[in-house]
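Please look over the model shown here, and then work through the questions that come after it.

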Amino acid sequence: MKEINLAAVLISKRREKGIAQDELAVHIGTSKQSVSKRENGNSYPDIELLPQLASYLALAWMS
């Protein structure tokens with residue numbers, strides 16, 4: 001199974017789409033600090049947020 005570096009994917013896709021951390025935070029109902037912690041690999045989003053994140057960022061998880 002291919003390992004996914006969630007922090008790197010979040011940063012890459014967010015920047016690719018031109019979305020600021022605070023904009024992403026508002027969309028998923030969290031704080032900018034939480035988004036920053038996830039992007040730094042210091043925390044992970046709740047599993048319930050993954051589909052919402054994937055949809056918003058149009059992530060290709062299995063590519």
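The questions below concern helix packing and selected residues in this predicted model.

Q: At what angle do helix α2 and helix α4 pack, and is α2 parallel or oblique to α4?
A: Helix α2 spans residues 21-28 and helix α4 spans residues 50-57, and their axes lie 10 Å apart. The two helices pack at an angle of about 130 degrees. Angles of 65 to 115 degrees count as roughly perpendicular and those over 145 as roughly antiparallel, so the relation of α2 to α4 is classed as oblique.

Q: Which residues make the contact of α2 with α4, and how many of them are nonpolar, polar and charged?
A: The crossing of α2 and α4 is right-handed. From α2 the contact draws on Glu23, Leu24, His27 and Ile28, while α4 supplies Gln52, Leu53 and Tyr56. By class, the residues of this contact divide into 4 nonpolar, 2 polar and 1 charged.

Q: Is the crossing of α1 and α4 left-handed or right-handed?
A: Helix α1, made of residues 6-16, has an axis that comes within 10 Å of the axis of α4, and the two cross at roughly 35 degrees. The handedness with which α1 passes α4 is left-handed.

Q: Which residues form the contact of α1 with α4, and how many are nonpolar, polar and charged?
A: On the α1 side the contact is made by Leu6, Leu10, Lys13 and Arg14, and on the α4 side by Leu50, Leu53 and Leu57. Sorted by class, the contact of α1 with α4 has 5 nonpolar, no polar and 2 charged residues.

Q: Is α2 roughly parallel or roughly perpendicular to α3?
A: The axes of α2 and α3 come within 8 Å and cross at roughly 110 degrees. Since the range from 65 to 115 degrees counts as roughly perpendicular, the arrangement of α2 relative to α3 is roughly perpendicular.

Q: Which residues of α2 and α3 make their contact, and how many are nonpolar, polar and charged?
A: Helix α2 contributes Gln21, Asp22, Leu24, Ala25 and Ile28, and α3 contributes Lys32, Val35, Ser36, Arg38 and Glu39. The class count for the contact of α2 with α3 is 4 nonpolar, 2 polar and 4 charged residues.

Q: Is Gln21 buried or exposed, and which side chain does a polar contact of 2.8 Å join to that of Gln21?
A: Gln21 lies in helix α2, and its relative accessible area of 17% falls under the 20% limit, so Gln21 is buried. Leaving aside neighbours within four places in sequence, Gln21 is in contact with Arg14, Lys32, Val35, Ser36 and Glu39. The side chain joined to that of Gln21 by the polar contact of 2.8 Å belongs to Glu39.

Q: Is Arg14 buried or exposed, and at what relative accessibility?
A: Arg14 lies in helix α1. Not counting residues up to four places away in sequence, Arg14 touches Ile19, Ala20, Gln21, Leu24, Glu39 and Leu57. Because buried means under 20% relative accessible area, Arg14 counts as buried, at a relative accessibility of 8%.

Q: Where is Tyr44 found, and is Tyr44 buried or exposed?
A: Tyr44 is found in the loop between α3 and α4, and its C-alpha atom is separated by 8.3 Å from that of Ala7, 37 residues away along the chain. Leaving aside neighbours within four places in sequence, Tyr44 is in contact with Leu6 and Arg38.

Q: How far apart in space are Lys37 and Ile47, C-alpha to C-alpha?
A: Lys37 lies in helix α3, residues 32-39, and counts as partly exposed at 47% relative accessibility. Leaving aside neighbours within four places in sequence, Lys37 is in contact with Asn42 and Ser43. Lys37 and Ile47 are 10 residues apart in sequence, and their C-alpha to C-alpha distance is 16 Å.

Methods:
Residues are numbered from 1 along each chain as its sequence is written. This is a predicted model: local features need pLDDT of at least 70, side-chain atom pairs count only at pLDDT 80 or more; totals for chains, interfaces and linings use all residues. Side-chain values use heavy atoms; hydrogens and water are left out. Axes are lines fitted to C-alpha atoms, for helices over the stretch in contact, and angles run from 0 to 180 degrees between N-to-C directions. Helices (H or I, at least four residues) and strands (E, at least two) are DSSP runs, numbered from the N terminus. Angles under 35 degrees count as roughly parallel, over 145 as roughly antiparallel, 65 to 115 as roughly perpendicular and the rest as oblique. A crossing is left-handed if the near helix is turned anticlockwise from the far one by less than a right angle, and right-handed if clockwise. Contact means heavy atoms within 4.5 Å. Ala, Val, Leu, Ile, Met, Phe, Trp, Tyr, Cys and Pro count as nonpolar, Asp, Glu, Lys and Arg as charged, and the others, Gly among them, as polar. Buried means under 20% relative accessible area, exposed over 50%, partly exposed in between (1.4 Å probe, protein chains only). A polar contact is a pair of N or O atoms within 3.5 Å; within protein, one must be able to donate a hydrogen and the other to accept it, and residues adjacent in sequence count only if both atoms are side-chain atoms.
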